[in-house]
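Please look over the model shown below with its charged side chains in mind.

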Amino acid sequence: MACNKDCFTASLPHWSWSSTTPCFVLPFHTAKPFYSSPETQFSPSKRSFKTFAATATEVRPAAAPPSSLYEVLKVKRTASLTEIKTAYRSLAKMYHPDAMIYHHPEEKPAESESELESSDGRDFIEIHNAYATLSDPAARAMYDLSLGGQYNQGRPFGFGVGFGFPESNRGGFYTTRRWETDQCW
Amino acid sequence: MAEPAYTVASDSDTTGEEKSSSAFPEIAIGIDVGTSQCSVAVWNGSEVVILKNTRNQKKMRSYVTFKDDIPSGGVSHQLSHEHEMLSGAAIFNMKRLIGRVDTDPVVHSSKSLPFLVQTLDIGVRPFIAALVNNVWRSTTPEEVLAIFLVELKAMAEVQLKRPIRNVVLTIPVSFSRFQVTRIERACAMAGLHVLRLMPEPTAVALLYAQQQQQAVHENIGGGAEKIALILNMGAGYCDVAVTATAGGVSQIKALAGSAIGGEDILQNTMHHLLPDLEILFSKHGINEIKSTGLLRVATQDAIHKLSSQTSVQIDVDLGNELKICKVVDQEEFEEVNKNVFEKCESLIIQCLHDAKVQTEDVADIIVVGGCSYIPKLRNLVMSVCKRQELYKGMNPVEAAVCGAALEGAVASGISDPFGSLDLLTIQVTPLAIGIRADGNKFVPVIPRNTTMPTRKELAFTTVHDNQTEALIVVYEGEGEKVEENHLLGYFKIMGIPPAPKGVPEINVCMDIDASNVLRVLAGVVLPGSRHPAIPVMEVRMPTVDDGHGWCVEALHRTYGSGLDLVTIQKKI
C-alpha cells in the first residue's frame, strides 16, 4: 500500500510513467477538469504528446490532489454495482470521444474532429479505469482500504473531501469542483 | 477522427467543401463489404434503409470482372451465369486476401480459386491476376476493392442525390493493423474517407443496443444491463463478441475472431467430393479452371440445400470424363467440416472466458452472417450457451450493415428527436500489442480486449552493461513467441546513458486513441531522476507489414542480442 500515496499525488511528474505503477493508477492528471459541471467541461485542451512530454519535465505544483475514483464516476462511496454501472454509462455518453460528437452536433464536423483528436479521450480513459476498479468487487475492496488509509494520513497540500469547497448540490454527489476547475482554462 | 494514413489527391480539395456544407452535416453511409456479398445502408433521418442497386438487389456479389477494358464489379455488372464469375476473369474474396503475405495459410487456401493466386512462399505479397483474353493480368486486392467501392459509391450517390465521402466500414475482428491500413488505402483510392472501421460483431452489437433502447422506451421500466453473445460468420471470417448493453450504450466486453468461414466449408466439401482436387487446380489451365468452377457451383448449391434438407444429391459433369455423382447427408457434411465447427466453438468459449461472463448471464444469443443458416452452427452456439433458442429480432444478412449505418449517423453527429441515435459503442482492442523482450518473447503492453481509447505502459531495462542502444520491435497478436504475431514496426532508441545492465529504465508506452490510431512511445529514465534522459521517441504504427519479418531477422543477424531488452520484474 506504500505506493498509493504516490499515485494519488499530482506532484508525481508524468515522467515516472509506470515505475511505481500501483493497481489503481490514474494515468492522466490532465489540467483539464473532466468531472466539472457540464457547462464547463468541453473546453478542448489541445495537447498532443509533444506538449505533454514538454510539460512533464516541469514539476507541477501539488495543489490539486486527484479525487477518488468515486468522484470520477460521481457516485457515493456506498454506491451499489448497478449505480456504478449506470454512472459509468451516462458519463461514457458524455465523455467518450465518439459521443462528444453527438453532444455537439452544432460544431463543424471537421473542426470538432480535430478537437476531439487532440483531447485523446483521456477523460474517458480515467472514467473507464475508475469503472474497471469499482465494478470489480475485489479490486473495489482493496481500493476502499487504500482510500481509508489515505484519508487518515491526509494529503500534503491537498483539500480532503469536504474541505476547501462546499459540496455541490447536484444530486447529492460529492463535490466535483476543485482548484483546477475554478480557473479559467 | 484521423485522416487515413495515406492521403490521395482527392483529400486536398475537401476542406472548403466540408465547411460550406457544415450546416447539414453529411451522414456517413455504412458499408458491409463481405467476402462474398456486400451491402450499403444509410440513416435516412428516421431509420436505417438499405440501398438497392439498379437491379433492385440489396445484396450484391463482391467481385470485379476484368473482361473488358474497363473493369466492372458486382454492383453494376449483371452476371449472365454464376460460371461467369468462375472463368478466371473475375477476382473475388478480396477480403480474404487483402494485406496478407504469401506465407499466410489463408492465401494458400485461395489458390483453388479460378483467378490466379501465385505464391513464392517467402513473405512477399502474393501475385494476383485475372484472365483477360488468355493473358494473366496482374492486380492487387486493394485495387479490386477500390474498384468495387467506387461502384458502391456511385450507386449511393445516385440514390441519395449527394456526393458521398464519409463511410463506416465493417471489418473482421481478426484483421491485423496492417490489414486495416490496406482497407483504408482501398477507400482512399476510391475517394472515400473512413470515419470508422467497426469489427463486424460490434456493428451488430450497436443495432442490438438500439433495439433494446427502443424496447425500453416502449414499456417504461426495465433498462437493466443485458449481456448478449454475438456470432457473425460469413464466407471469410468467423467473429464473436460479448457485449453488455444498457441505455443505448454497448460496452464490448470481449472479441474473438478467425479467418474461417463459408469459404472453408465450401473448400472442405469440394475436397470431399473430389479428393484429388489439388492436381486439378494446380495446373490452372483453361479446362481445369472450368472444371473447378463447375464443382464450386455444384458444391455451393448443395451446401445451401443442406440448410433445409437432411441430404442432397450432387450430380455434376466436370468435363474431361470427370463426373461426380454422390449423395451427401447432413452428418457427412458436418464430419467433413468438423475443423471449422470446432474452431467456431473454441472462439465462443474463448470470448465468454475473456469477457468473464457465465453462460447463464447471457440474455440473448445473436447469430448472424451467411453461415447462420447452417443448422450445425446454430445448434453448436445454443449448446455452448446452454440455450434453446436464438435472438430473433434481426435479419442475419442485414444486421452488420444496419449497425454500420447507425454508427455512420452517430459518428456524423446526427441526433434524432426520438432518441433513436442516442447510442454509443465502446470498443475493445481485438489483439494484444506488445514488443519483443526477454529473448524472443512477445511481451504485451496493451492486452487484448482492452477498452479503447487506452494508454498503457511497461518498463524494460538493458541486458548488457553500458548498453547505449535498444531496439523496440512492435508486434500485434496472441502468440507467445514474436514470430507467431504480426509485425507492426521497429525503431531504435539511442543515447541511453552508460550504466550497469538492469539500471536504465526504458519505458514503452502505447496509446490508442478513439480513432484507433496506435502510437508507440519510448523513453529512458535513470534511477534517481524524474526527467527523461533523452528525448522521447514517438512512432505511429504500423510502419511495415508481416512480410518484413526478414528485416527483423536481418536486425538480429547484425546486432545479435546487443540491442535487447528485458522486462523489469515489479513487485505488486
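Does B:Glu142 count as buried or exposed? At 4% relative accessibility, B:Glu142 counts as buried, where buried means under 20% relative accessible area, exposed over 50% and partly exposed in between (1.4 Å probe, protein chains only). This is a predicted model, in which local features need pLDDT of at least 70 and side-chain atom pairs count only at pLDDT 80 or more, while totals for chains, interfaces and linings use all residues. Residues are numbered from 1 along each chain as its sequence is written, chains are lettered from A in the order in which they are written, and side-chain values use heavy atoms, with hydrogens and water left out.

**Salt bridges within chain B**
- B:Glu142 pairs with B:Arg125 in a salt bridge (a side-chain nitrogen of Lys or Arg within 4 Å of a carboxyl oxygen of Asp or Glu), with the closest N and O atoms 2.9 Å apart.
- B:Arg125 is partly exposed, with a relative accessible area of 48%.
- A salt bridge also joins B:Asp364 and B:Lys226 at 3.6 Å, N to O; B:Asp364 is buried at 15% relative accessible area, whereas B:Lys226 is partly exposed at 29%.

**Salt bridges involving both chains**
- The side chains of A:Lys93 and B:Asp422 form a salt bridge of 3.5 Å, N to O.
- A:Lys93 is buried, with a relative accessible area of 14%, and B:Asp422 is partly exposed, with 22%.
- A network of salt bridges links A:Lys85, A:Arg89 and B:Glu225.

**Total**
- Over all chains, the count comes to 26 salt bridges.
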